[in-house]
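Hi there,

Here is the structure I promised to pass on to you. Have a look at it first, and then read my notes below.

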Amino acid sequence: MFFLQRNLPAWERALRLGGGLVLAFASVLWLPGGWLAWAGLASALTMGLTGIAGFCPACALAGRRPVRNTQS
């Protein structure tokens, strides 16, 4: 099974989930239809998925290290 180590702390995961929801609503309500709305929805989906998974491939490429598990 493919396993990814989380590289996003909990506060950033929550921020990404909230930002993804706001961006999704903004894309549906305020952006004109067409490719711009679809691009906004795709960005919102990406933000939401990285927030849920706790892993961001772009952050990993930039050198961000995995978050240590603080639970014992």
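Which residues form a nonpolar patch on the surface? In this predicted model, they are L21, F25, V28, L29, W30, W38 and L41, and together they have about 900 Å² of accessible area. Two helices, α1 (10–29) and α2 (35–53), each supply at least two residues of the patch. The largest share comes from α1, with four residues. L29 counts as exposed because its relative accessibility is 60%.

Next, the charged side chains. The count comes to two salt bridges, and E12, R16 and R64 are linked in a network of them. One is between E12 and R16, with the closest N and O atoms 3.1 Å apart. These two residues are four apart in helix α1, so about one helical turn separates them. Both E12 and R16 are buried.

The other partner of E12 is R64, and here the side chains meet at 2.8 Å, N to O. This pair links distant parts of the chain: R64 sits in the segment after α3 (57–61) and E12 in helix α1, 52 residues apart. How exposed or buried are the two ends? R64 is partly exposed, because its relative accessible area is 35%. E12 has a relative accessible area of 12%, so it is buried.

Now the cysteines, in case you plan to set up bonds. How many disulfides does a search of the whole structure find? The search finds zero. C56 is in no disulfide, and the nearest cysteine sulfur, that of C59, is 3.4 Å away.

Finally, a note on A10, which lies in helix α1. A10 has a relative accessible area of 63%, so it is exposed. A10 and A44 are 34 residues apart in sequence, and their C-alpha atoms are 18 Å apart in space.

Best wishes

Terms used:
Residues numbered from 1 in each chain as written. Predicted model: local features only at pLDDT ≥ 70, side-chain atom pairs only at ≥ 80, totals over all residues. Heavy atoms only, no water. Patch = residues over 30% accessible without salt bridge, like charges linked within 9 Å, V, L, I, M, F, W, Y side chains within 5 Å. Areas by Shrake-Rupley, 256 points an atom, 1.4 Å probe, with all protein chains shown as cover. Salt bridge = Lys/Arg side-chain N within 4 Å of Asp/Glu carboxyl O. Buried < 20%, exposed > 50% of the residue type's maximum accessible area, 1.4 Å probe, protein only. Disulfide = S-S within 2.5 Å.
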